[in-house]
Amino acid sequence: MKILVLNAGSSSLKYALYETSAEAAAADTDQLLDEGLVERVTNMPDALKTAFAALAPALGGEAVVGVGHRVVHGGTYPESMVIDAGVESTIDALSELAPLHNPRSLAAYRAARERVPDAIHVAVFDTSFHQTMPRHAYAFAIPPRYLDEKKIRRYGFHGISHRSVALRFAKLQGKAPEDLRIVSCHLGNGCSVCAVDRGRSIDTSMGFTPLEGLVMGARSGDMDASALLHLIIREGEDPAALLDMLNNASGLQAISGVSNDMRDILKAADSGNERARFAVDAFCYRAKKFIGAYIAAMNGADALIFTAGIGEHSAPIRAGTCAGLDRLGIAVDPVLNSAASHAARCIGNSPIAVWVVPTEEQLMIARDTVTCVTAQSS
Ligand code: ADP
């Protein structure tokens, strides 16, 4: 069946068309028919019109049976959901917690529902995979009424990606996910680490929003909340401006003074730029701390996996992140690490094996959509 995947970002719309089914997913024979990106989206119905026009040859007059929508914040939904009025209003309500993301997904859903009203529309959430975290991992150590009444807690993000690499790695090993403990590092523009204990996320570095944890392209990651309150209360700074600073003007961009793009920063560091070198060191050090923490959380690990733009493509960042972890059982092989390859591959045969596994978020969304479509129509 033809499945359309839609991923609405802050100003773009990524789309992909698959021919797949439950059987194809099980046999790993799903076919990506076409994919593309509409940039500078100001009007979602127009963006979808562009996408459908581009997809017409691949569709060949056939109907789209299911549409999988990537939704960043799914609150406490533990799995992907067929979007009905209730799910739609929950996604809408969660816009308060994810104001940059959920409204875009909703706009894409509403436009797609107009365009393909007979298709089954499915929401695939970045948060669902982390719903298996135990309370001691997701609850902040503050009075419980903030959790109970205001839903202040760790939700975790990048769940579609962490789940995808954990499943792919298990398949490559010929093992069940339940037999593996994995530390998954999604290092892209946004970055997070996840402890996948026997197929289930038990902890992850992003928290209430995608701001917490690692140093990212333009996000600060961890910092003491009281430093911000100090700036607000004692220095009279504007809370909204600080929030914007932390999300859009921090991270690698701020500390390197070069760019938010790791390629530019590595180039500058190689040519002697001290701030760029410091940014690379800070990025790798923060990632390393979380890797150590999650090995402790699982009392060991079978594999450390790198994925996403930086994780898949940057040998120096993988080497820098793993440097000095040999006593924990992690060592990157310099030859394997620097081999030019886009395939899933081992880059270190240490006691904790080190792997690069390309993330397959779109495919995960397509497969979840098939699962929901199949359940709905049976
Ligand atoms: P997003 O989180 O937006 O999906 P990606 O996963 O595509 O982002 O990752 C984007 C990041 O990957 C950018 O910071 C870019 O610099 C980095 N990147 C891509 N290729 C390389 C490379 N060869 N070396 C270093 N960084 C890279």
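Contact here means heavy atoms within 4.5 Å, and buried means under 20% relative accessible area; the views below are taken from a predicted model.

**View 1. Helix H9 and what covers its buried residues.**
In helix H9, which spans residues 239–248, the residues Leu 242, Leu 246 and Asn 247 are buried. These residues cover an arc of only 125° around the axis, which puts them on the same side of H9. What covers the buried residues of H9 includes helix H8, made of residues 225–233. Asn 247, which lies in helix H9, has a relative accessibility of 19% and therefore counts as buried, under the cut-off of 20%. Leaving aside residues up to four places away in sequence, Asn 247 touches Leu 211, Ala 218 and Arg 219.

**View 2. Helix H11, with a buried face and an exposed side.**
Helix H11 runs over residues 262–270, and in this helix Met 262, Ile 265, Leu 266, Ala 268 and Ala 269 are buried. Seen down the axis of H11, its buried residues fall within an arc of 165°, so they line one face of the helix. On the other side of H11, Arg 263, Lys 267 and Asp 270 are exposed. The cover over the buried residues of H11 includes helix H10 (251–256), helix H12 (274–297), helix H13 (308–313) and helix H14 (315–322). At the N-terminal end, H11 is capped by Asp 261, which has a side-chain oxygen 2.9 Å from the backbone nitrogen of Arg 263. Just after H11, Gly 272 takes a positive phi of about 95°.

**View 3. His 186 in strand S7.**
His 186 is found in strand S7, which covers residues 181–187, and with a relative accessibility of 6% this histidine counts as buried. Not counting residues up to four places away in sequence, His 186 touches His 158, Ser 161, His 162, Cys 191, Ser 192, Thr 307, Ala 308 and Glu 361. With Ser 161, the side chain of His 186 forms a polar contact of 2.8 Å. Asp 281, which is 95 residues from His 186 in sequence, is 17 Å from it in space, C-alpha to C-alpha.

**View 4**
A search of the whole structure finds four aromatic pairs. One of them is formed by Tyr 77 and Phe 125, which are stacked at 5.1 Å centre to centre, with 10° between the planes. This pair links distant parts of the chain, since Tyr 77 is in the loop between strand S4 (66–71) and strand S5 (81–82), whereas Phe 125 is in strand S6 (residues 120–125), 48 residues apart. Tyr 77 counts as buried at 16% relative accessibility, and Phe 125 is buried with a relative accessible area of 2%. In the pair of Phe 169 and Trp 355, the ring centres are 5.2 Å apart and the planes are at 80°, so the pair is edge-to-face. This pair also links distant parts of the chain, with Phe 169 in helix H7 (residues 159–173) and Trp 355 in strand S12 (residues 353–356), 186 residues apart. Both Phe 169 and Trp 355 are buried.

**View 4. Arginine charges over tyrosine rings.**
The charged end of Arg 145 sits over the ring of Tyr 146, at 4.4 Å from the ring centre. The charged end of Arg 153 is placed over the ring of Tyr 138, at 3.9 Å from the ring centre.

Most residues other than glycine have a negative phi. Asp 28, although it is not a glycine, has a positive phi of about 65°. The place of Asp 28 is in the loop between helix H1 (22–27) and strand S3 (31–38), and at 30% relative accessibility Asp 28 counts as partly exposed. His 158, also a residue other than glycine, has a positive phi near 60°. The loop that holds His 158 is between helix H6 (145–150) and H7, and at 10% relative accessibility His 158 counts as buried.

**View 5. Cysteines without a disulfide.**
The count of disulfides comes to zero. The closest cysteine sulfur to that of Cys 322 is in Cys 185, at 7.5 Å, which is too far for a bond. Cys 322 counts as buried at 5% relative accessibility, and Cys 372 is buried with a relative accessible area of 13%.

How values were computed
Residues are numbered from 1 along each chain as its sequence is written. This is a predicted model: local features need pLDDT of at least 70, side-chain atom pairs count only at pLDDT 80 or more; totals for chains, interfaces and linings use all residues. Side-chain values use heavy atoms; hydrogens and water are left out. Helices (H or I, at least four residues) and strands (E, at least two) are DSSP runs, numbered from the N terminus. Buried means under 20% relative accessible area, exposed over 50%, partly exposed in between (1.4 Å probe, protein chains only). A polar contact is a pair of N or O atoms within 3.5 Å; within protein, one must be able to donate a hydrogen and the other to accept it, and residues adjacent in sequence count only if both atoms are side-chain atoms. Rings of Phe, Tyr and Trp (its six-membered ring) pair if their centres lie within 6.5 Å; planes under 30 degrees apart count as stacked, over 60 as edge-to-face and the rest as tilted. A charge sits over a ring if NZ of Lys or CZ of Arg is within 6 Å of the ring centre and within 35 degrees of the ring normal. A disulfide is a pair of cysteine sulfur atoms within 2.5 Å. The arc is that of the directions from the helix axis to the C-beta atoms.
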